Structure formats: structure tokens, C-alpha cells
Amino acid sequence: MKEQLQAIANEALAKLEHVEDMKSLEEIRILFLGKKGKLTSILKGMGSLSAEERPVVGQMVNDVRKQLEEKIQNTRSELIRKEQEKNIAQEAIDVTMPGTILRTGKKHPLTQVLDEIKEVFIGMGYEIAEGPEVELDYYNFEALNIPKNHPARDTQDSFYINENVVLRSQTSPVQIRVMEKQKPPIKIICPGRVYRSDPVDATHSPIFHQVEGLVVDKGVTMGDLIGTLQVFAKNLFGEETDIRLRPHHFQFTEPSAEVDVSCWTCGGKGCRVCKNEGWIEILGAGMVHPKVLETCGIDPKVYSGFAFGLGVERTAMGRFNIDDMRLLYENDIRFLKQF
Ligand code: DAH
């Protein structure tokens, strides 16, 4: 029985030398130490031994059991260590591997044009001003010389929050906000979103963008306005671009003009884009009305100024030859990718 025990121990130890994974380790454990294992069956056979032999063999079985348990435990630790090493090796980062290319997006055409407009005016020494989109009726209309019930409000049917609060229908209220706070010289542009209760079509949207401009100082003239707008038009639409002023009426400027640029498609000959006119209207402008200056506490006998309000959508449509404003808002990547 001694030999048998020794043989079992040797067999087990030999097998344990070659285990490669936890599963076979567990199989070996069951084979030798399990309830129906080889060692247990020796214990079961001890009934046939003499009283003297029994404790001796019992002791030997225990020694072997202990030896095997230790060996199994060590093998288990060794397997765990190897597994961890393997994981660490697998997870190591190879810094020489080629990277994944992150696809960067690009600016929306409206943002691109806004940036270009800002750059042109900043280049001429303008600062950027801002105002709220939810505006007081006072700033959006009244202080701009458009009293309640004045017909000039008809063309700017805005969204009223209550009688005195509207979504601004133009960026012109920022003129008032700036002049209330700052004394001349003033030279600002205000880019921003404006709202009008207009149904959506190829040239209208209830939300669109404007850039307001305001210059107030001593001796500012219409000539300064025209020169400024020429620089703007040439920078955005090309050196050969011309501008044309047509007399118009705005409540907050006097004199007032609507300003056209020569058609970016045909250069003025007349085509489908300019509806055969050769010119395309892009902004309103004029000399700041003395009443408006007075409202803001600026003496119109000492100071004068010009202002303009420019449609960003129109400018973008011209700049990129887009014929339907709705395309700018649909966020179709295939369309936007082109610019
Ligand atoms: N706010 C006007 C509009 O939305 C545009 C405009 C006209 C702005 C003349 C001006 C200006 O500053 O002087 O129709």
C-alpha cells in the first residue's frame, strides 16, 4: 500500500508539472483529492489493514494529501501569474502603430460668412457688440423712432412675448444699447440672430441673421458710409464688385438707402440669379436720425453717424451661389460638405 501511495503521489506530481490552465488543474485535483479520487479510495481500502498499520498508512495518506494540496496551490498561483503577464503583454500600447484618423467637421457656411464679415470690419477697427435676442419693444422699435401703431412695424411682424417684450426683429436695437452706454467715438458691428413672423420659403425664414453696423463721431458723412460698404463688398464678393445705393426710407436713418451689390454671378450683365437686374440687394443703411441720437443723449449738432444692417443669409447665398435659403437650415451633411 505504501508503494501504491508513492505511485499515486508521483503520478500526481508529474501531471501537475505539465498543467497549462485552471481547468486541467481542477481536473487533476478532482482525480486525486476528490470524493471519488485516488487518494480517497486508498483511505476506503484501509479497513483491510491491521490495527498497527492503520495509523501509519493514515499518516502517510495525510502527508501525501498535504503535499499535493501544496503543489496544487503553488501551481494555481503560478498559472494566475502567467495569465496576468499575458494580459499585460496583450494590453501594451504599441506607440509605433498608425493612429486612427479623427474626422474633423467644418464650419457651417453661415458661420464662415459671419467670420469673414467680422474679419473685414475688425480689420477696419470695429469692435463687436452684443444684445439680447429677447428684447424690449422699446429698443426694438420705439427708441428707433418706430412708435407703437406706426406702419413701419408692418414689415417686421415679430413674435411678441407680451406687449413690451419681443423676439428682436432686427439687430438695430443694439445701436441704442451701445449709444446709451458709450459716448462717441463709436465704431461697432453686432452680428446676431433675428426673428420675424414670416412663412418659410426660398428667401424667407422666421429666424435669420443680420450684422448691424454703427459709427458715430464728429464729422461722419455719407461718403464714409459708401467707402466702408465698398470695402466690405469687394472683400466678400471680389475686387471687381460694385455697390449701388437706392433712396429708401427707414425710421431711424435720414437719409436712408437700400444697398445693392453688382451680381456675383453675371457681374452686372443680368442673369437668373439677379433676376436680370444685374444688382442684388443685401443691406439697408443711412445716416443715424438726429432723433435717435438725441434719445440716446448724444447731441446731433456735435456728432453724426452712419448705420447699416446686413442680411447674412443673403450674403452667404451670394458668396456660395446657393439658391434656396432652406438649404442653410436643413443640416444635410451632403449639402454642407461642399463649402
Ligand atoms: N434694421 C433694418 C431691417 O432689418 C436694416 C437697417 C436699415 C439697419 C438701415 C440699419 C440701417 O442700421 O441704418 O430692415
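## Contacts of the ligand

In this predicted model, a nitrogen atom of the ligand is placed 2.6 Å from an N or O atom in the side chain of Gln170. On the side of Glu212, a polar side-chain atom lies 2.6 Å from an oxygen atom of the ligand, while Phe308 takes part through its backbone, where an N or O atom lies 3.3 Å from an oxygen atom of the ligand. Of the 360 Å² of accessible area that the ligand has on its own, the protein covers 92%.

## The surroundings of the ligand

The ligand sits in the largest pocket, and 16 residues surround the ligand, the closest being Gln170, Ser172, Arg196, Gln210 and Glu212. Sorted by class, the shell around the ligand holds nine polar residues, five nonpolar residues and two charged residues.

Which strands each supply at least two residues of this shell? They are strand E6, which covers residues 207-217, strand E9, which covers 279-288, and strand E10, which covers 304-311.

## Two domains

The domain assignment divides the protein chain into domain 1, with bounds 2-90, and domain 2, with bounds 109-336. In the predicted model, the C-alpha centres of domain 1 and domain 2 are 91 Å apart.

## Backbone features

Most residues other than glycine have a negative phi, and most peptide bonds are trans. Against that background, a few places in this chain deserve a careful look.

A cis peptide bond joins Pro184 and Pro185, with omega at about 0°, and Pro185 belongs to the loop between helix H7 (173-181) and strand E5 (186-195). Another cis peptide bond, with omega at about -5°, joins Glu254 and Pro255; here Pro255 has its place in strand E8, which is made up of residues 253-262.

Where does Asn149 lie? The loop between helix H6 (137-140) and strand E3 (160-162) contains Asn149, a residue that has a positive phi of about 70° although it is not a glycine.

Note on methods: Residues numbered from 1 in each chain as written. Predicted model: local features only at pLDDT ≥ 70, side-chain atom pairs only at ≥ 80, totals over all residues. Heavy atoms only, no water. Near = heavy atom within 4 Å. Polar contact = N/O pair within 3.5 Å; in protein donor to acceptor, adjacent residues only side chain to side chain. Areas by Shrake-Rupley, 256 points an atom, 1.4 Å probe, with all protein chains shown as cover. 1 Å grid on protein atoms, 1.4 Å probe; cavity = no way out; pocket = protein on both sides within 12 Å on 5 of 7 lines; lining within 4 Å. Sits in = over half its atoms within 2 Å of the grid points. Helix = DSSP H or I, 4+ residues; strand = E, 2+ residues; numbered from the N terminus. Nonpolar A, V, L, I, M, F, W, Y, C, P; charged D, E, K, R; others polar. Domains from an automatic or database assignment.
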